Amino acid sequence: PGIADAIVDWIDPDLAPLLPDGAEDDWYQRLAVPYRAANRPLASVRELRLVRGVTPAVYAALAPHVSALPANAMLDVSAAGPLLMRALDQRIDAALADRLVAGAPYADPEAFATQPALRNVGRIIDVVVTSNYFDVRAHARVDAAEVTLTSRLRVLDRDAEVVSRMLGDGDG
């Protein structure tokens with residue numbers, strides 16, 4: 001919960017910290033190497049490492065399960081794992097999440113939302129059954145030198161646009 005407050009402060013546009021565990025510029029400016037809160041959506045998952053309370057262990061636990069996509073991107077329930085299924089609603093426990101994952105792929109969002117397993121959860125909206133975002137990684141090695149370039153693509157119909165490029169293996 002404390003880290004959630006700090007993440008909200010990192011991405012919200014104001015300079016007022018959420019109490020008790022939020023952090024804005026006043027907190028980050030007191031660090032040995034000071035910097036400012038971004039006050040905008042994450043550009044990269046790696047940016048989480050700058051947020052108050054996100055230790056290397058916390059980052060290692062979070063990074064495989066999050067992605068820095070545009071605000072209008074929705075969860076692809078046909079590709080989501082149990083942990084992400086549980087994030088959809090607090091009434092989804094581990095056993096139900098496992099059943100939801102086992103039922104994938106789903107034909108359409110309605111097929112997911114109206115399945116009997118979700119009867120006691122309520123209506124789940126704003127999910128998709130296919131993704132529009134894909135990471136393409138190119139890795140090159142010459143002698144001892146090597147480099148990886150990751151491009152995030154948004155695919156609509158048969159057209160693809162590059163959303164971002166990152167030197168390294170990417171991190172969502």
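This report covers the pocket, nonpolar cores, salt bridges and backbone of one predicted model.

The model is predicted: local features need pLDDT of at least 70, side-chain atom pairs count only at pLDDT 80 or more, and totals for chains, interfaces and linings use all residues. Residues are numbered from 1 along each chain as its sequence is written, and side-chain values use heavy atoms, with hydrogens and water left out.

**Pocket**

The largest pocket has a volume of about 1500 Å³. A pocket here is an open set of points on a 1 Å grid over the protein atoms alone, where a 1.4 Å probe fits, with protein on both sides within 12 Å along at least five of seven lines. Its volume is the space filled by probe spheres set on the points, which are joined across faces, edges and corners. Lining residues have an atom within 4 Å of a point.

The lining counts 41 residues, and His65, Val66, Ser67, Ala68 and Leu69 lie nearest the pocket centre. Elements giving two or more residues to this lining include helix 1 (2-11), helix 3 (56-62) and strand 4 (145-156). Helix 4 gives the largest share, four residues. Helices (H or I, at least four residues) and strands (E, at least two) are DSSP runs, numbered from the N terminus.

By type, the lining holds 28 nonpolar, seven polar and six charged residues. Nonpolar means Ala, Val, Leu, Ile, Met, Phe, Trp, Tyr, Cys and Pro; charged means Asp, Glu, Lys and Arg; the others, Gly among them, are polar.

**Nonpolar cores**

In soluble globular proteins, nonpolar side chains tend to be buried together. A nonpolar core is a set of buried Ala, Val, Leu, Ile, Met, Phe, Trp, Tyr and Cys residues joined through side-chain atoms within 4.5 Å. Buried means under 20% relative accessible area, exposed over 50%, and partly exposed in between (1.4 Å probe, protein chains only).

The largest core has 14 residues; Phe112 and Leu100 are among those touching the most other members. Helix 5 (residues 94-102) supplies the largest share of this core, three residues. Leaving aside neighbours within four places in sequence, Phe112 is in contact (heavy atoms within 4.5 Å) with residues including Val77, Met85, Tyr106 and Val127. Another core, of 11 residues, lies apart from the largest one and includes Trp10 and Val45.

**Salt bridges**

The count is six. A salt bridge is a side-chain nitrogen of Lys or Arg within 4 Å of a carboxyl oxygen of Asp or Glu. Three of them are tabulated.

| Pair | N to O distance |
|---|---|
| Arg40 and Glu47 | 3.2 Å |
| Asp89 and Arg91 | 2.9 Å |
| Arg154 and Glu161 | 3.4 Å |

Salt bridges that share partners also join Asp135, Arg137 and Arg152 into one network.

Glu47 is buried at 9% relative accessibility, while Arg40 is partly exposed at 36%. Asp89 is buried at 16%; Arg91 is partly exposed at 48%. Asp89 sits in the loop between helix 4 and helix 5. Not counting residues up to four places away in sequence, Asp89 touches Val121 and Ile124.

**Backbone**

Most residues other than glycine have a negative phi, and most peptide bonds are trans. Ala104 and Pro105 are joined by a cis peptide bond, with omega about 0°. Pro105 falls in the loop between helix 5 and helix 6 (109-113).

Asn39 has a positive phi, near 55°, and lies in the loop between helix 2 (25-28) and helix 3. Asp143 also has a positive phi, about 55°. Asp143 is placed in the loop between strand 3 and strand 4 and is exposed at 74% relative accessibility.
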